[in-house]
Amino acid sequence: MEVKIKPTYEEMSRAAAQEVAHLLNTKPNAVLGMATGSTPLGLYQELVRLHREEGLDFSQVTTFNLDEYVGLAPSHSQSYHYFMHENFFQHVNMPKQNIYIPSGNTGNYPAFCNWYERRIEECGGIDIQILGIGSDGHVAFNEPGSSLTSRTRLKTLAKQTIDDNARFFDKPEDVPIYAITMGVGTILEASELLLLANGENKAWAVGAAIEGPVTGMVTASALQMHPNAKVYLDDPAAAQLKMREYYDWIEEHRPGAPQYY
Ligand code: PGA
């Protein structure tokens, strides 16, 4: 796991966007795994800027989103369909037919989940999966207790997640209780994982995910099992990391390391 700590949210977002831009410049038909929430907003803004000002091209890109609330129509202002359209897709040249987001309104969740998994495979798998982390250590909506080999499925949200996300809704009781989410096993199959976290309310989860034991109680800890996981943090999110000096030391010496690949 590469842990990259930046002084500010903006610098964290720009550095993470460079990873995505590098992929698209070397593989224009890349498959991206997208995340929602407040964390990746800065990353999306930077990708939009790179598209507008430097011609970063999305015309051959395919995307798969991690999750969606059950029961919200795509037009609902808090649905992840709406979020992605507002904050990203409408600002870049992505073909509509290349956009995949789990349905929160399907009549048959198991069939939809199987189809979603199959589509990821048929598109060649995900090249970079963008991830946030919940204050309870979840990735996507894989709440504590999720299997680390889980696949796309319906999940019941944890009370802590519902409370965290209540800030986006008019009333706390409006937050959906169920979601459809890629599983931890699905996420681990991406070629590269890019986890972003900012703010001190993520410091515990970040510490547990990076330096704690691998456990289904903190599903982000499964990133420790992935051969190509990068974690971008701002300073407050890194506050509980015991090995902070070593992570900074590695980054400082990365340019001088022998290049074998
Ligand atoms: P946030 O959500 O980016 O809005 O903090 C992250 C998550 O719950 O995965």
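1. A pocket is defined here on a 1 Å grid over the protein atoms alone, as an open set of points with protein on both sides within 12 Å along at least five of seven lines, where a cavity would be a set of points at which a 1.4 Å probe fits but cannot get out; lining residues are those with an atom within 4 Å of a point. By that definition the second largest pocket is lined by Pro-74, His-81, Tyr-82, Met-84, His-85, Phe-89, Gln-90, Val-92, Met-94, Lys-96, Ile-99 and Ile-101.

2. The model is predicted, with local features requiring pLDDT of at least 70 and side-chain atom pairs counted only at pLDDT 80 or more, while totals for chains, interfaces and linings use all residues. Residues are numbered from 1 along each chain as its sequence is written, and side-chain values use heavy atoms, with hydrogens and water left out.

3. To stay with the second largest pocket, its space comes to about 290 Å³, a volume being the space filled by probe spheres set on grid points that are joined across faces, edges and corners. Helix α3 gives the most to this lining, with four residues (helices are DSSP runs of H or I of at least four residues and strands are runs of E of at least two, numbered from the N terminus). By class the lining holds eight nonpolar, three polar and one charged residues, where Ala, Val, Leu, Ile, Met, Phe, Trp, Tyr, Cys and Pro count as nonpolar, Asp, Glu, Lys and Arg as charged, and the others, Gly among them, as polar.

4. The largest pocket has a volume of about 610 Å³. Of its 30 lining residues, Thr-36, Gly-37, Ser-38, Asn-165 and Arg-167 are the closest to the centre. At least two lining residues come from each of β4 (67-69), α3 (80-87) and α5, and α5 supplies the largest share, three residues. The lining divides into 11 nonpolar, 15 polar and four charged residues.

5. The whole structure contains 17 salt bridges, each requiring a side-chain nitrogen of Lys or Arg within 4 Å of a carboxyl oxygen of Asp or Glu. One of them joins Glu-46 to Arg-49 at 3.0 Å, N to O, both residues lying in helix α2 (residues 41-54), three residues apart, about one turn of the helix. Glu-46 counts as buried because its relative accessibility is 8%, whereas Arg-49, at 29%, is partly exposed (buried means under 20% relative accessible area, exposed over 50%, and partly exposed in between, with a 1.4 Å probe and protein chains only).

6. A further salt bridge pairs Glu-117 with Arg-151 at 2.8 Å, N to O. This pair links distant parts of the chain, since Glu-117 is in helix α4 (residues 109-122) and Arg-151 is in the loop between β6 (128-131) and β7 (153-156), 34 residues apart. Glu-117 is buried, with a relative accessible area of 13%, while Arg-151 is partly exposed at 32%.

7. Asp-235 and Arg-244 also form a salt bridge, their closest N and O atoms being 2.8 Å apart. Salt bridges that share partners join Glu-2, Lys-4, Glu-251 and Arg-254 into one network.

8. Ile-177 is found in the loop between α5 (159-165) and β8 (178-181), and counts as partly exposed because its relative accessibility is 45%.
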